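Here are some notes for a colleague coming to this structure for the first time, arranged as numbered points. Please read them with the model open beside you.

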Amino acid sequence: MESREHLGYSYEQILQVVKFLKLVVPNFKPLVGVICGSGLGPLADSLSDKIEVPYEDIPLFPASTVVGHGGKLVFGTVGGVPVICMKGRFHAYEGYPLWKVVMPVRVMRLMGVEYLIVTNAAGGIPSSMNVGDIMIIKDHVNMMGMGGQNPLRGPNIEEFGPRFPAMNKTYDRALVKAGLKIAESLGMEDMTHEGVYGCVGGPNYETIAELLMLQSCGVDSVGMSTAHEVIAAGHCGMKVFGFSLITNKAILDYDSSEVPNHEEVIAAAKAKEAKLQGFTEAMIKHMGSLKNAGPPSMCSCGGRR
Ligand SMILES: O=P(O)(O)O[C@@H]1C[C@H](O)[C@@H](CO)O1
Ligand SMILES: Nc1nc2[nH]cnc2c(=O)[nH]1
């Protein structure tokens, strides 16, 4: 057989990472995984009975290189629900191949995670979205994936899921609706939207023409992450809930004097820390209650652990 370029960790390698983590947190089976976006690391700080494991201590884990991404796995509970948080994610623009970017999602799945909460900092395109608002993600447009950059590229690992996974059900509708209700119950309805996330490669922010193109494709929030993790999570049968924190408004006016920058992204996240923590905690408790009400029907797309 012709050789293929190296396209990822084997199932056995990922199991090795899981074995290591199970030694660090014996008898801990997380139900919910949380990926903290830029500046959103404090989402992990509210866990009870925390155990923190720096990425550099974990075999095969990449390093977190972006400001606002902490670089540790945090284990703990929220209202008794066992949770694992990635305080710091990996991005393609850091130089990581996508199979490496999503490796922690697969690790979470093998640790027992059934529900994944993905969060990100993003630019808001509709004029109705303000800095500090959240957008519950109902779908995504993966510009990188459409160009052939996909975390599932390469030999399929059947233990995780099928060669050709469906993605139309990946953002769980019931969780989207629950998220909107929970936001309302927390008095956040005026700052909460539902929309489509657009994933671009970065690290540059968009040109005006690019933003206009994304807008015409139905994209509401734009960022440089999330879609890859969601694809890997859907592939291995997790239920996914995601939200963008709108950290800056997309600049669509050639005469605007504004310029997007990472400092404003981090500052916007800091300003909403408490509200976002409360919202995420409520979503985690909701997921715990779903589990107690009966096992979720995992895997519309074939993940079969
Ligand atoms: O990790 P996320 O997607 O939250 O971070 C976004 C995209 C870039 O990493 C960074 C740009 O400010 O924010
Ligand atoms: N691509 C992109 N990523 C972001 N992350 C935070 N804001 C933005 C943005 O405007 N564009």
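1. Which strand gives the most to the shell around ligand 2? In this predicted model, that place belongs to strand 5, which contributes 3 residues.

2. The shell around ligand 2 counts 14 residues, of which Ala121, Gly123, Val222, Gly223 and Val265 come nearest to the ligand. Sorted by class, this shell holds 8 nonpolar, 5 polar and 1 charged residues.

3. Around ligand 1 there are 13 residues, and those that come nearest are Gly37, Ser38, Asn120, Met224 and Ser225. The classes in the shell of ligand 1 are 4 nonpolar, 8 polar and 1 charged.

4. Turning to the helices, helix 1 (residues 11–24) and helix 3 (residues 103–111) have axes that come within 9 Å and cross at roughly 60°. The two helices are therefore oblique to each other, and helix 1 passes helix 3 in a right-handed crossing.

5. On the side of helix 1, the contact is made by Ile14, Leu15, Val17, Val18 and Leu21, while helix 3 brings Met103, Arg106, Val107, Leu110 and Met111. By class, the residues of this contact of helix 1 with helix 3 comprise 9 nonpolar and 1 charged, with no polar residue.

Methods. Residues are numbered from 1 along each chain as its sequence is written. Chains are lettered from A and ligands numbered from 1 in the order in which they are written. This is a predicted model: local features need pLDDT of at least 70, side-chain atom pairs count only at pLDDT 80 or more; totals for chains, interfaces and linings use all residues. A residue is near a molecule or strand if its C-beta atom, placed from the backbone, lies within 6 Å of it. Helices (H or I, at least four residues) and strands (E, at least two) are DSSP runs, numbered from the N terminus. Ala, Val, Leu, Ile, Met, Phe, Trp, Tyr, Cys and Pro count as nonpolar, Asp, Glu, Lys and Arg as charged, and the others, Gly among them, as polar. Axes are lines fitted to C-alpha atoms, for helices over the stretch in contact, and angles run from 0 to 180 degrees between N-to-C directions. Angles under 35 degrees count as roughly parallel, over 145 as roughly antiparallel, 65 to 115 as roughly perpendicular and the rest as oblique. A crossing is left-handed if the near helix is turned anticlockwise from the far one by less than a right angle, and right-handed if clockwise. Two residues are in contact if their C-beta atoms, placed from the backbone, lie within 7 Å.
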